[in-house]
Amino acid sequence: MLVVIKGAGDIATGVAVRLWRARFQVVMTEVPQPTTVRRTVSFSQAVYDGAARVEGIEAVRISSADEAETFLRIGRIPVLVDAEAACVRLLAPDAVVDAILAKRNPGTAISDAPVVVGVGPGFTAGADCHAVVETERGHDLGRVILEGSAAPNTGVPGEIGGYDLQRVLRAGSAGVFRQVLEIGTRVNAGDVVGTIDGAPVVSEINGILRGVLASGISVKPGMKCGDVDPRCEPGHCHSVSDKARAVGGGVLEAILRLCPGTVTLR
């Protein structure tokens, strides 16, 4: 079975990892300049580097949908720069998963494939997709919704190690971001993680830098540009997160439940 995943950030990558290990074929789409923060666990990095590896699975950038089959055959996940996901019409996948996490529907339609799954808020099951997977941390994380929508976006990150808003670094102004510290670096409150046109972006808490934008990315006020994890586990910087894994499990469940021709597990 072939699944096209729109988006290749850390949550979309968690979805891809779970589907790939369940022996689905996966093709991912991205924008020309991804603004992924958790770059060490995101297949979107293939857009910049040509290839990316997460938990032993390799993704490669391709230049056209025609190349997808070649790389799938040799066990690689193709990543195509295709902001409009025009490749869906060419590839005719069994399922489409919108994991862009735009907090709105950027153009996905229930007619795109036999099964269409929306990840997070902005989608309504039965209207613009067949199923929605909950992304809000808590009791319902990863739940498959067949009627209605996911919880609305609160604008507050999920709590990790007792911190929510404080663990996410955001741009205080518009400009060009420059990375100062590498992902995996231990930081203290007040440490400079990066700069925006020379103005420092500092950590509010002690922890480990789990993610940070690459240098050269243009940012807007309020845009996420870093992620500090107070649990200070270096391995968390290089493995799919609990949230991404749970969401991936929800997507896998939705496809198995809804896609015609799949085996019914009892």
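The structure holds one cavity of 30 Å³ or more. On a 1 Å grid over the protein atoms alone, a cavity is a set of points where a 1.4 Å probe fits but cannot get out. The largest cavity has a volume of about 50 Å³. Pro-34, Thr-35, Thr-36, Arg-39, Ser-44, Gln-45, Tyr-48, Leu-213, Ala-214 and Ile-217 line the largest cavity; lining residues have an atom within 4 Å of a point. By class, this lining has five nonpolar, four polar and one charged residue.

## Basis

This is a predicted model: local features need pLDDT of at least 70, side-chain atom pairs count only at pLDDT 80 or more, and totals for chains, interfaces and linings use all residues. Residues are numbered from 1 along each chain as its sequence is written, and side-chain values use heavy atoms, with hydrogens and water left out.

## Open space

The largest pocket has a volume of about 1400 Å³. A pocket is an open set of points with protein on both sides within 12 Å along at least five of seven lines. Its lining counts 46 residues, and Asp-10, Ile-100, Leu-101, Lys-103 and Lys-224 lie nearest the centre. Elements giving two or more residues to this lining are helix H1 (10-21) and strands S2 (25-30), S12 (168-170) and S19 (224-229). H1 gives the most, with three residues. The lining of the largest pocket has 19 nonpolar, 12 polar and 15 charged residues.

Key
Points joined across faces, edges and corners; volume = space filled by probe spheres on them. Nonpolar A, V, L, I, M, F, W, Y, C, P; charged D, E, K, R; others polar. Helix = DSSP H or I, 4+ residues; strand = E, 2+ residues; numbered from the N terminus.
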